[in-house]
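Student: I would like to learn how to read a protein structure feature by feature. Could you give me the general idea each time, and then the case at hand?

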Amino acid sequence: MKYLVSILKDAVPLLTFVSVVFSSTSAFAAETVVFQYGIFRETIPVSELTALAETGEVSPKLRFFFNQAEQDPQAVRNTLTREVSANPVTLDRVLNNRIGIFLLDQISQTIHTPSGNADRQALRSSLVLSASKDNKVSLIEIIQNYPTTEVHVEGKRLVRTYEQLSLLAERLENFLI
């Protein structure tokens, strides 16, 4: 009986990972970002953020928003594209324990659902799906893979969120050692 419980315990993270990868389709991916920076709030298509991240192209809407928020588009691009290494199976395991849940709750203050419900689960899904492609996670991938059509991002917290993702990566390395 203990052996069966042990097998099931080890299989749950893998099954969760597999179900996230195979159940996530572009139909459930974020299409727009409600980007908030202080008192400024703007709805931006994910495609415009993707263009900024991939090519550095700043759409007129983004340019206006960055000017109003006094943000350097290149600094935002760098934050969006910084990558953190993460094995998706290990990531799933870490995100399903106390440390991971705490980190998810912290990161969900920056990246969250429109309703504020199921933020942890949405973020976990997005992180694991992002890592499943190339064993790396970036903020732009998290946004692109977010399982709601709209994702809210708190601009002032983006740098702190990257630091939290880096902390998560360190925890993963310690988990593996």
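Tutor: Let us begin with angles between elements: those under 35 degrees count as roughly parallel, over 145 as roughly antiparallel, 65 to 115 as roughly perpendicular and the rest as oblique. Axes are lines fitted to C-alpha atoms, for helices over the stretch in contact, and the angles run from 0 to 180 degrees between N-to-C directions. Helices (H or I, at least four residues) and strands (E, at least two) are DSSP runs, numbered from the N terminus. This is a predicted model, in which local features need pLDDT of at least 70 and side-chain atom pairs count only at pLDDT 80 or more, while totals for chains, interfaces and linings use all residues. Residues are numbered from 1 along each chain as its sequence is written, and side-chain values use heavy atoms, with hydrogens and water left out.

Student: At what angle do the axes of helix 2 and helix 3 cross?

Tutor: The axes of helix 2 (residues 46-55) and helix 3 come within 10 Å and cross at roughly 80°, and the two helices are therefore roughly perpendicular to each other. Where they meet, E48, L49 and L52 of helix 2 are in contact (heavy atoms within 4.5 Å) with K61, L62 and F66 of helix 3.

Student: How should I read a pair of aromatic rings?

Tutor: Such a pair is described by the distance of the centres and the angle of the planes. Rings of Phe, Tyr and Trp (its six-membered ring) pair if their centres lie within 6.5 Å; planes under 30 degrees apart count as stacked, over 60 as edge-to-face and the rest as tilted. By this rule there are two aromatic pairs. The ring centres of F35 and F65 are 4.8 Å apart and the planes stand at 70°, so this pair is edge-to-face. Because F35 belongs to strand 1 (residues 32-37) and F65 to helix 3 (residues 60-69), the pair ties together parts that are 30 residues apart in sequence. F65 and F66 make a tilted pair, with 6.2 Å from centre to centre and 55° between the planes, and F35, F65 and F66 form one aromatic cluster.

Student: Is F66 buried or exposed?

Tutor: Buried means under 20% relative accessible area, exposed over 50%, and partly exposed in between (1.4 Å probe, protein chains only). F66 is buried, with a relative accessible area of 2%, and F65 is buried with 3%; F35 is buried as well.

Student: How do I read the strands?

Tutor: Strands of a sheet pair through backbone hydrogen bonds, either parallel or antiparallel. Two strands are taken to pair if DSSP finds at least two bridges between them. Here four strands form an open sheet in the order 2-1-6-4, with mixed pairing. Its edge strands are strand 2 and strand 4 (111-112), each of which pairs on one side only. Strand 1 runs antiparallel to strand 2 (residues 40-45), joined by six bridges, and Q36 has R41 as its bridge partner in strand 2. Strand 1 runs parallel to strand 6 (residues 150-154), joined by five bridges, with V34 opposite H152 of strand 6.

Student: Which loop residues have a phi worth noting?

Tutor: Most residues other than glycine have a negative phi. A118, however, has a positive phi near 60°; A118 sits in the loop between strand 4 and helix 7 (119-134) and is partly exposed at 45% relative accessibility. N135 also has a positive phi near 60°, and this residue is in the loop between helix 7 and strand 5 (136-137).
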